[in-house]
Amino acid sequence: MSKIEIKHLKKRFKFSKEPLFTDINITFEENQIYGLFGENGAGKSTLMSLIADYNFVTAGEVLYDGEPVHDNSKALQNIYYMSQNNMYNKNDKVKKIFDFVSKLYVDYDVELQNRLVKKFRLDESQKFNKLSTGYKSIVRIIISLCVPCKFIFMDEPTLGLDARNREVFYTSLIETYSENPRTFVLSTHIIEEIDQIINHFILLQDGEIKMDSSIDDISEKSYSISGPSEDVDKYIQGINVLDSDQLGRYKTVHFMDELPNREKPESVDIEKMKLQKLLIYVMEKEGK
Amino acid sequence: MRTKELVKMYVKEFLPFLEYALIVSVVLLLFSVLESEQKFRLNDFQNQFISIPYIFDFFALLCVSMNHNRFKLAIQHGIDRKDFWKAKLMLMAKASLVVNVINLVFVLIIMKMHGMNSLAYTSTYFGFFHSYFIDVIFMFITDYIALLLLMVCVNCFGTFASLFNRYGKICFYLILAAMYFFVGSILAKYSVVASFTHFLGRIHTEVFLNLVFGLYENQKLHPYSNPIHIIISMLIMLAIAAAFNLLFTKLVQVKR
Amino acid sequence: MQFDFNSPEPIFIQVATQLEDAIFTGAFQEGTQIPSTTEISKQFKINPATVLKGMNMLVDNDLLEKRRGRGTFVSNGAQEAIIKKRQEHFYNDYILNLINESKKLQLSEDDILTLVKRGYDNEQNRN
């Protein structure tokens, strides 16, 4: 199985006092869906552009199957970066752009492309620069889902998409991932929509990787407990609590840990802590 | 092959520049005729004709110098910088071919209109082989390599400049302009030969000029110069320029 | 099928339970094909690997069988196997809870047996 390893990655832009990253270490495995989260400006786009060899690292390595990606034809053919920038000739019609890309990639999935064009209701005869922002994203999305690459990095893919097209995107992503497993790395700061789709979660904050776990691991270790406050307190005694809300006698606590060994009282409800909430706590805690 | 498809796209983007060159040529021709207050003077028209090949050259160079979008198109599809460099060279080889075929037509017309002394190549080298057909072929080859060399150099400069931010670029172009004026002013004061003499000393000049340009001092013995020398010199310069181009291309990054 | 994304129960277990329920109630008949992982994951917007994990639990227990190139089918005898399994768990799931609850409500063993008899008599009377 192929993998992309990032080791001790450091990036500092020229004329910038502070480096953007100092020591990033992550591994991307094959056939997983990663969610890459971070605030605006955290460096998600930069990280992806470094992986795709658009830009160069200041220090550290980006390895594909153990070889650096820089000028590595084999690696770059298997890595696709859907950036927010437009890389195409603006005056070309969409159909022409699709034809061009399909010729550049031997196993480009033309059938899927045609299905997606219909599902998204994209007008292929339009010139690319005449499309709305949302539809420009859709062109990029369609290409990203059809290229025969093992690792596909999508930078805020749903930006500018209306609700219907977001739905189309997610179902199309799930469908193609199921029929043709490969790795997708989605960067976003809207979690609720994709927290069930991803199976691995990465948080980039303040130039570091603050979280890097599988969703299963997180699920087993993050809970929200509610009930009468005395029962709740008794139940979770000894556990380090992230946050708690109280309304009268009804208390909810959120924590990251395994459930306590004690028997759960009837009056107390256990729920999985929403990833969204967990994210906010982690970001706030680390930000201090 | 991926690189070939990329080159096809680059060539498609190049073709409109030929249209522009044609339009500009036609416009200039019309102006040359309309400008003169007296009746239509064939001379003006014929004189303007000479500039047409240079107009095509100019637009070809212009196209080749605007490079960053080509790079983005390549890197977006996982084509590494070395293959992109190869694609650039292939584009320039094809573009130079197309332009020179077009220019050949005009040059032949110009030669008929004005005789041998009107163009740089024809006055120096034409006639060396004592066969019209072979002379034309060598003229074509020389012009082809000359334009290709210019293209690679221009692309080199463009690539190198793109490595800098706005201020760096301004600095670079200022230095380039200064060098251009410096060389220009020396050439204005002395002729080309004298300039070389100035720097190289009399004896070496002859040998140098012969070796590199195929020029002969003694016009009586050698009425025509040997184009093969300059072809080889240019090929060597081409290889060096291509190498520098690869060096700079490897350093290019995508800008936001 | 329905999923509770807030429940602490892992999704793949919920998938397994829901599939089992569907076989148990006869919604998925024995010998027929069940929806693919793709269809299920698309419909509920869950990661296909998670759905597959849940489905594989049933495959491992011989309740489902994968037929190459055709899909996943409900095994023959699956419904009976589920009934048997749930019969075995009935004691833990219901009886022990019943006894626990009855203790809290201070009902004796005789009280419980009386109540159970009453329940069955009512059933009889309705029929």
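## Terms and model

Axes are lines fitted to C-alpha atoms, for helices over the stretch in contact, and angles run from 0 to 180 degrees between N-to-C directions. The model is predicted, so that local features need pLDDT of at least 70 and side-chain atom pairs count only at pLDDT 80 or more, while totals for chains, interfaces and linings use all residues. Residues are numbered from 1 along each chain as its sequence is written, and chains are lettered from A in the order in which they are written.

## Helix packing in chain B

In chain B, the axes of helix α1 (residues 2-35) and helix α5 (residues 81-114) come within 9 Å and cross at roughly 45°; helices here are DSSP runs of H or I with at least four residues, numbered from the N terminus. The pair α1(B) and α5(B) is therefore oblique, the class left after under 35 degrees (roughly parallel), over 145 (roughly antiparallel) and 65 to 115 (roughly perpendicular).

Residues of α1(B), including B:Leu6, B:Tyr10 and B:Phe14, meet residues of α5(B), among them B:Ala87, B:Met90 and B:Leu91, where contact requires C-beta atoms, placed from the backbone, within 7 Å.

## Contacts between chains

Of the two pairs of chains that touch, chains A and C have the most contacts, with 18 residues of chain A in contact with 15 residues of chain C. On the side of chain A that touches chain C, α6(A) gives the most, with seven residues. By contrast, no contact joins chain B and chain C, and their closest C-alpha atoms lie 28 Å apart.

Technical notes
Helix = DSSP H or I, 4+ residues; strand = E, 2+ residues; numbered from the N terminus.
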